[in-house]
Amino acid sequence: MALPQRDHGGGIDAAAARYGGTRADWIDLSTGINPAPYPVSGIPADAWTALPDSAAAQALTDAARSFWQVPDGAAILAAPGASSLIARIPALRPAATVDIPAPTYNEHAAAFAAAGWQVSDDAPAARVIVHPNNPTGHWYAGEPDGFDLHVIDESFCDVAPDRSLIAHATRPGTLVLKSFGKFWGLAGLRLGFAIGDPELIDRLAQMLGPWPVSGPALAIGTRALTDDAWAIATRTRLNEDAARMDALMTRAGARLSGGTPLFRLYDVDNAAKWQDRLAKAQIWTRTFPYSDTLIRLGLPAPDQWHRMEAAL
(Lines give C-alpha, C1' and ligand atoms only; values in the text may rest on other atoms or scores of the structure.)
Protein backbone atom coordinates (compact mmCIF):
# COMPACT_ATOMS: atom_id res chain seq x y z
CA MET A 1 0.00 0.00 0.00
CA ALA A 2 1.38 3.38 -0.97
CA LEU A 3 1.70 5.74 1.96
CA PRO A 4 0.46 9.36 1.71
CA GLN A 5 2.98 11.84 0.36
CA ARG A 6 4.65 13.72 3.20
CA ASP A 7 5.40 17.16 1.87
CA HIS A 8 6.32 19.91 4.31
CA GLY A 9 7.51 23.46 4.53
CA GLY A 10 11.17 24.22 5.07
CA GLY A 11 13.83 22.93 2.69
CA ILE A 12 15.89 26.12 2.68
CA ASP A 13 19.09 24.26 1.81
CA ALA A 14 17.52 22.91 -1.38
CA ALA A 15 16.11 26.33 -2.23
CA ALA A 16 19.51 27.95 -1.75
CA ALA A 17 21.16 25.32 -3.93
CA ARG A 18 18.70 26.15 -6.72
CA TYR A 19 18.40 29.93 -6.39
CA GLY A 20 21.68 30.90 -4.74
CA GLY A 21 22.78 32.43 -1.47
CA THR A 22 23.48 30.86 1.88
CA ARG A 23 20.93 29.70 4.40
CA ALA A 24 21.40 32.93 6.36
CA ASP A 25 20.40 34.97 3.30
CA TRP A 26 16.94 33.43 3.09
CA ILE A 27 13.62 34.36 4.69
CA ASP A 28 11.67 31.17 5.35
CA LEU A 29 7.94 31.85 5.01
CA SER A 30 7.16 28.22 4.17
CA THR A 31 6.27 27.35 7.78
CA GLY A 32 3.79 28.77 10.27
CA ILE A 33 6.36 29.38 12.99
CA ASN A 34 6.24 32.67 14.89
CA PRO A 35 9.20 34.68 13.54
CA ALA A 36 9.60 36.58 16.83
CA PRO A 37 10.07 33.67 19.26
CA TYR A 38 9.78 33.61 23.00
CA PRO A 39 13.08 34.91 24.46
CA VAL A 40 15.29 32.17 25.84
CA SER A 41 17.89 32.94 28.51
CA GLY A 42 18.92 32.01 32.01
CA ILE A 43 18.53 28.24 31.69
CA PRO A 44 19.73 26.61 34.94
CA ALA A 45 23.03 24.79 34.52
CA ASP A 46 21.65 21.54 35.92
CA ALA A 47 19.01 21.50 33.19
CA TRP A 48 21.87 20.51 30.88
CA THR A 49 23.84 18.24 33.19
CA ALA A 50 21.25 16.26 35.17
CA LEU A 51 18.47 13.92 34.14
CA PRO A 52 15.15 15.81 34.14
CA ASP A 53 13.61 15.52 37.60
CA SER A 54 9.99 14.91 38.50
CA ALA A 55 9.54 18.31 40.13
CA ALA A 56 10.49 20.11 36.90
CA ALA A 57 8.19 17.85 34.89
CA GLN A 58 5.33 18.50 37.31
CA ALA A 59 5.92 22.26 37.13
CA LEU A 60 5.58 22.10 33.34
CA THR A 61 2.40 20.02 33.59
CA ASP A 62 0.91 22.46 36.11
CA ALA A 63 1.77 25.41 33.87
CA ALA A 64 0.19 23.68 30.88
CA ARG A 65 -2.98 22.87 32.82
CA SER A 66 -3.35 26.50 33.85
CA PHE A 67 -2.46 28.07 30.49
CA TRP A 68 -4.81 25.88 28.44
CA GLN A 69 -7.49 25.74 31.15
CA VAL A 70 -7.47 21.96 31.03
CA PRO A 71 -10.62 20.57 32.65
CA ASP A 72 -10.46 18.29 35.67
CA GLY A 73 -10.48 14.67 34.60
CA ALA A 74 -8.21 15.20 31.59
CA ALA A 75 -4.59 14.07 31.84
CA ILE A 76 -1.56 15.84 30.35
CA LEU A 77 1.58 14.40 28.78
CA ALA A 78 4.57 16.48 27.69
CA ALA A 79 6.49 15.00 24.77
CA PRO A 80 9.48 15.81 22.53
CA GLY A 81 7.33 17.55 19.94
CA ALA A 82 3.77 17.02 18.73
CA SER A 83 5.12 14.97 15.83
CA SER A 84 6.39 12.30 18.23
CA LEU A 85 2.84 11.97 19.55
CA ILE A 86 1.28 11.92 16.08
CA ALA A 87 3.54 9.02 15.11
CA ARG A 88 2.49 6.95 18.14
CA ILE A 89 -1.24 7.67 18.45
CA PRO A 90 -2.40 5.16 15.76
CA ALA A 91 -0.98 2.31 17.87
CA LEU A 92 -3.40 3.15 20.70
CA ARG A 93 -6.23 1.33 18.93
CA PRO A 94 -6.43 -1.68 16.59
CA ALA A 95 -6.09 -0.63 12.96
CA ALA A 96 -9.44 0.16 11.35
CA THR A 97 -10.73 3.16 9.39
CA VAL A 98 -9.90 6.76 10.28
CA ASP A 99 -11.54 9.91 8.94
CA ILE A 100 -9.09 12.78 8.35
CA PRO A 101 -10.82 15.63 6.50
CA ALA A 102 -8.52 16.88 3.75
CA PRO A 103 -6.64 18.93 2.83
CA THR A 104 -4.82 19.10 6.14
CA TYR A 105 -1.49 18.44 7.83
CA ASN A 106 -0.35 15.26 6.13
CA GLU A 107 1.57 13.62 9.00
CA HIS A 108 -1.67 12.38 10.53
CA ALA A 109 -2.68 10.35 7.48
CA ALA A 110 0.87 9.12 7.02
CA ALA A 111 1.11 7.93 10.63
CA PHE A 112 -2.22 6.09 10.52
CA ALA A 113 -1.44 4.53 7.15
CA ALA A 114 1.96 3.35 8.39
CA ALA A 115 0.18 1.64 11.29
CA GLY A 116 -2.14 -0.23 8.92
CA TRP A 117 -5.19 2.03 9.11
CA GLN A 118 -7.36 2.91 6.12
CA VAL A 119 -7.97 6.63 5.67
CA SER A 120 -11.61 7.04 4.69
CA ASP A 121 -14.82 8.73 5.83
CA ASP A 122 -16.77 5.49 5.35
CA ALA A 123 -17.89 4.30 8.82
CA PRO A 124 -14.67 5.37 10.58
CA ALA A 125 -13.69 4.17 14.05
CA ALA A 126 -11.43 7.19 14.55
CA ARG A 127 -11.32 10.79 13.46
CA VAL A 128 -8.61 13.45 13.30
CA ILE A 129 -9.28 17.14 12.91
CA VAL A 130 -6.74 19.96 12.83
CA HIS A 131 -8.24 22.98 14.62
CA PRO A 132 -7.65 25.48 13.13
CA ASN A 133 -6.88 23.54 9.99
CA ASN A 134 -3.55 23.75 8.23
CA PRO A 135 -3.49 25.15 5.56
CA THR A 136 -7.08 26.41 5.22
CA GLY A 137 -7.45 27.96 8.67
CA HIS A 138 -10.92 26.40 9.06
CA TRP A 139 -12.28 26.28 12.62
CA TYR A 140 -14.54 23.43 13.73
CA ALA A 141 -17.61 24.48 15.69
CA GLY A 142 -17.68 21.31 17.78
CA GLU A 143 -17.35 17.57 17.48
CA PRO A 144 -19.92 14.82 18.11
CA ASP A 145 -19.29 11.67 20.09
CA GLY A 146 -19.19 8.28 18.46
CA PHE A 147 -15.48 7.71 17.73
CA ASP A 148 -13.36 5.16 19.54
CA LEU A 149 -10.40 7.48 19.01
CA HIS A 150 -10.77 11.20 18.42
CA VAL A 151 -7.71 13.40 17.86
CA ILE A 152 -8.01 17.19 17.89
CA ASP A 153 -4.76 18.80 16.73
CA GLU A 154 -4.60 22.34 18.12
CA SER A 155 -1.04 23.12 17.08
CA PHE A 156 -2.08 26.56 15.80
CA CYS A 157 -4.89 27.27 18.28
CA ASP A 158 -2.92 29.44 20.71
CA VAL A 159 -3.54 32.46 18.47
CA ALA A 160 -7.21 32.30 19.59
CA PRO A 161 -7.50 30.35 22.86
CA ASP A 162 -11.19 31.21 23.20
CA ARG A 163 -11.86 28.93 20.20
CA SER A 164 -10.12 25.89 21.70
CA LEU A 165 -11.99 22.59 21.94
CA ILE A 166 -10.14 21.71 25.14
CA ALA A 167 -13.47 21.04 26.89
CA HIS A 168 -13.71 17.87 24.76
CA ALA A 169 -10.57 16.51 26.45
CA THR A 170 -12.66 14.85 29.17
CA ARG A 171 -14.45 12.59 26.67
CA PRO A 172 -13.32 8.93 26.48
CA GLY A 173 -11.04 8.25 23.53
CA THR A 174 -10.25 11.94 22.99
CA LEU A 175 -6.79 13.50 22.68
CA VAL A 176 -6.09 17.20 22.16
CA LEU A 177 -2.62 17.97 20.81
CA LYS A 178 -0.70 21.17 21.51
CA SER A 179 2.52 22.30 19.82
CA PHE A 180 5.10 24.58 21.38
CA GLY A 181 6.95 25.31 18.15
CA LYS A 182 4.31 27.43 16.39
CA PHE A 183 2.96 30.17 18.67
CA TRP A 184 6.10 30.43 20.80
CA GLY A 185 8.34 30.13 17.75
CA LEU A 186 10.62 27.52 19.35
CA ALA A 187 10.30 24.62 16.93
CA GLY A 188 13.85 23.49 17.72
CA LEU A 189 12.97 23.02 21.38
CA ARG A 190 10.91 19.92 20.40
CA LEU A 191 8.09 20.23 22.91
CA GLY A 192 4.48 19.19 22.50
CA PHE A 193 1.57 17.99 24.62
CA ALA A 194 -1.22 15.44 24.52
CA ILE A 195 -4.23 16.24 26.71
CA GLY A 196 -7.20 13.97 27.24
CA ASP A 197 -8.34 10.47 28.15
CA PRO A 198 -6.14 9.34 31.10
CA GLU A 199 -6.01 5.75 29.81
CA LEU A 200 -4.68 6.87 26.44
CA ILE A 201 -2.29 9.37 28.02
CA ASP A 202 -0.88 6.63 30.25
CA ARG A 203 -0.27 4.37 27.25
CA LEU A 204 1.42 7.18 25.34
CA ALA A 205 3.64 7.84 28.35
CA GLN A 206 4.71 4.20 28.37
CA MET A 207 5.54 4.42 24.66
CA LEU A 208 7.72 7.50 25.19
CA GLY A 209 9.63 6.01 28.10
CA PRO A 210 11.38 7.88 30.92
CA TRP A 211 12.59 11.48 30.56
CA PRO A 212 10.88 12.22 27.24
CA VAL A 213 11.36 15.98 27.61
CA SER A 214 14.82 17.51 28.06
CA GLY A 215 15.75 19.61 31.06
CA PRO A 216 16.11 22.83 29.03
CA ALA A 217 12.70 22.23 27.42
CA LEU A 218 11.11 21.74 30.84
CA ALA A 219 12.59 25.01 32.10
CA ILE A 220 11.77 27.08 29.00
CA GLY A 221 8.31 25.60 28.57
CA THR A 222 7.33 26.29 32.17
CA ARG A 223 8.55 29.87 31.97
CA ALA A 224 6.79 30.56 28.67
CA LEU A 225 3.48 29.00 29.70
CA THR A 226 3.34 31.25 32.75
CA ASP A 227 4.17 34.45 30.83
CA ASP A 228 0.66 35.68 30.08
CA ALA A 229 1.81 39.19 29.16
CA TRP A 230 4.01 37.86 26.36
CA ALA A 231 1.20 35.69 25.01
CA ILE A 232 -1.28 38.58 24.95
CA ALA A 233 1.17 40.95 23.23
CA THR A 234 2.12 38.25 20.72
CA ARG A 235 -1.48 37.63 19.68
CA THR A 236 -1.93 41.34 19.02
CA ARG A 237 1.24 41.53 16.92
CA LEU A 238 0.44 38.41 14.92
CA ASN A 239 -3.02 39.68 14.02
CA GLU A 240 -1.57 43.01 12.92
CA ASP A 241 1.15 41.35 10.85
CA ALA A 242 -1.33 38.96 9.22
CA ALA A 243 -3.40 41.97 8.11
CA ARG A 244 -0.25 43.61 6.78
CA MET A 245 0.63 40.51 4.75
CA ASP A 246 -2.91 40.36 3.35
CA ALA A 247 -2.66 43.97 2.21
CA LEU A 248 0.69 43.35 0.49
CA MET A 249 -0.42 40.18 -1.27
CA THR A 250 -3.82 41.40 -2.40
CA ARG A 251 -2.28 44.55 -3.87
CA ALA A 252 0.05 42.25 -5.81
CA GLY A 253 -2.91 40.33 -7.24
CA ALA A 254 -3.39 37.44 -4.81
CA ARG A 255 -6.75 36.56 -3.28
CA LEU A 256 -7.04 35.61 0.38
CA SER A 257 -8.23 32.00 0.66
CA GLY A 258 -7.74 31.27 4.35
CA GLY A 259 -5.16 30.94 7.07
CA THR A 260 -4.50 31.89 10.67
CA PRO A 261 -2.54 34.76 12.25
CA LEU A 262 0.56 32.55 11.92
CA PHE A 263 0.19 31.78 8.19
CA ARG A 264 -1.87 33.04 5.27
CA LEU A 265 -3.27 31.04 2.35
CA TYR A 266 -3.74 32.76 -1.02
CA ASP A 267 -5.24 31.80 -4.33
CA VAL A 268 -3.13 32.95 -7.27
CA ASP A 269 -3.04 32.38 -11.01
CA ASN A 270 0.03 30.13 -10.86
CA ALA A 271 1.46 29.10 -7.49
CA ALA A 272 4.73 27.80 -8.95
CA LYS A 273 5.41 31.12 -10.66
CA TRP A 274 4.67 33.05 -7.49
CA GLN A 275 7.00 30.79 -5.52
CA ASP A 276 9.69 31.23 -8.15
CA ARG A 277 9.29 35.01 -8.16
CA LEU A 278 9.71 35.27 -4.40
CA ALA A 279 12.52 32.69 -4.36
CA LYS A 280 14.54 34.90 -6.70
CA ALA A 281 14.42 37.42 -3.85
CA GLN A 282 15.48 34.62 -1.47
CA ILE A 283 12.07 34.36 0.16
CA TRP A 284 10.80 30.78 0.44
CA THR A 285 7.09 29.94 0.43
CA ARG A 286 4.88 26.84 0.50
CA THR A 287 2.99 25.36 -2.43
CA PHE A 288 0.98 22.13 -2.45
CA PRO A 289 1.07 19.04 -4.67
CA TYR A 290 -2.74 18.97 -4.87
CA SER A 291 -3.18 22.57 -6.12
CA ASP A 292 -1.68 24.71 -8.87
CA THR A 293 -3.13 27.92 -7.45
CA LEU A 294 -2.69 27.84 -3.66
CA ILE A 295 0.36 29.34 -1.95
CA ARG A 296 0.91 29.68 1.79
CA LEU A 297 3.06 32.29 3.47
CA GLY A 298 4.13 32.62 7.06
CA LEU A 299 5.03 36.01 8.49
CA PRO A 300 8.39 37.80 8.20
CA ALA A 301 10.33 38.82 11.28
CA PRO A 302 9.92 42.49 12.24
CA ASP A 303 13.16 43.47 10.47
CA GLN A 304 12.34 41.57 7.24
CA TRP A 305 9.22 43.32 6.00
CA HIS A 306 11.12 45.63 3.68
CA ARG A 307 12.39 42.65 1.72
CA MET A 308 8.89 41.26 1.34
CA GLU A 309 7.61 44.62 0.16
CA ALA A 310 10.45 44.96 -2.34
CA ALA A 311 9.89 41.45 -3.72
CA LEU A 312 6.23 42.20 -4.44
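Predicted model: local features only at pLDDT ≥ 70, side-chain atom pairs only at ≥ 80, totals over all residues.
Residues are numbered from 1 along each chain as its sequence is written, and side-chain values use heavy atoms, with hydrogens and water left out.

**Aromatic pairs**

I next looked up aromatic pairs, of which the structure holds 14; rings of Phe, Tyr and Trp (its six-membered ring) pair if their centres lie within 6.5 Å, and planes under 30 degrees apart count as stacked, over 60 as edge-to-face and the rest as tilted. Phe-67 and Trp-68 make an edge-to-face pair, with 5.7 Å centre to centre and 85° between the planes. Phe-67 also pairs with Trp-184, and this pair is tilted, at 5.3 Å centre to centre and 55° between the planes. Because Phe-67 lies in helix α3 (residues 54-67) and Trp-184 in the loop between β7 (174-179) and β8 (192-196), the pair ties together parts that are 117 residues apart in sequence; helices (H or I, at least four residues) and strands (E, at least two) are DSSP runs, numbered from the N terminus.

I checked burial too: Phe-67 counts as buried at 14% relative accessibility, and Trp-184 is buried with a relative accessible area of 0%. Buried means under 20% relative accessible area, exposed over 50% and partly exposed in between (1.4 Å probe, protein chains only). One aromatic cluster includes Phe-67, Trp-68, Trp-184 and Phe-193.

**Nonpolar cores**

I then turned to the largest nonpolar core, which has 59 residues, and in which Trp-184, Phe-193 and Leu-225 touch the most other members; such a core is a set of buried Ala, Val, Leu, Ile, Met, Phe, Trp, Tyr and Cys residues joined through side-chain atoms within 4.5 Å. Helix α8 (residues 228-251) gives the most to this core, with six residues. Another core, of 24 residues, lies apart from it, and among its members are Ala-79, Leu-92, Val-128 and Leu-208.

**Helix α6**

In helix α6 (residues 198-208) I found Leu-200, Ile-201, Leu-204 and Leu-208 buried. They cover an arc of only 100° around the axis, which puts them on the same side of α6; the arc is that of the directions from the helix axis to the C-beta atoms. Among the elements that cover these buried residues are β2 (75-79), α4 (82-88) and β6 (149-153), where contact means heavy atoms within 4.5 Å. At the start of α6, a side-chain oxygen of Asp-197 comes to within 2.9 Å of the backbone nitrogen of Glu-199, and after the helix comes Gly-209, with a positive phi near 80°.

**Asp-99**

Last, I looked up Asp-99, which lies in strand β3 (residues 97-99) and counts as buried at 11% relative accessibility. Its side chain and that of Arg-127 are joined by a polar contact of 3.0 Å; a polar contact is a pair of N or O atoms within 3.5 Å, where within protein one must be able to donate a hydrogen and the other to accept it, and residues adjacent in sequence count only if both atoms are side-chain atoms.
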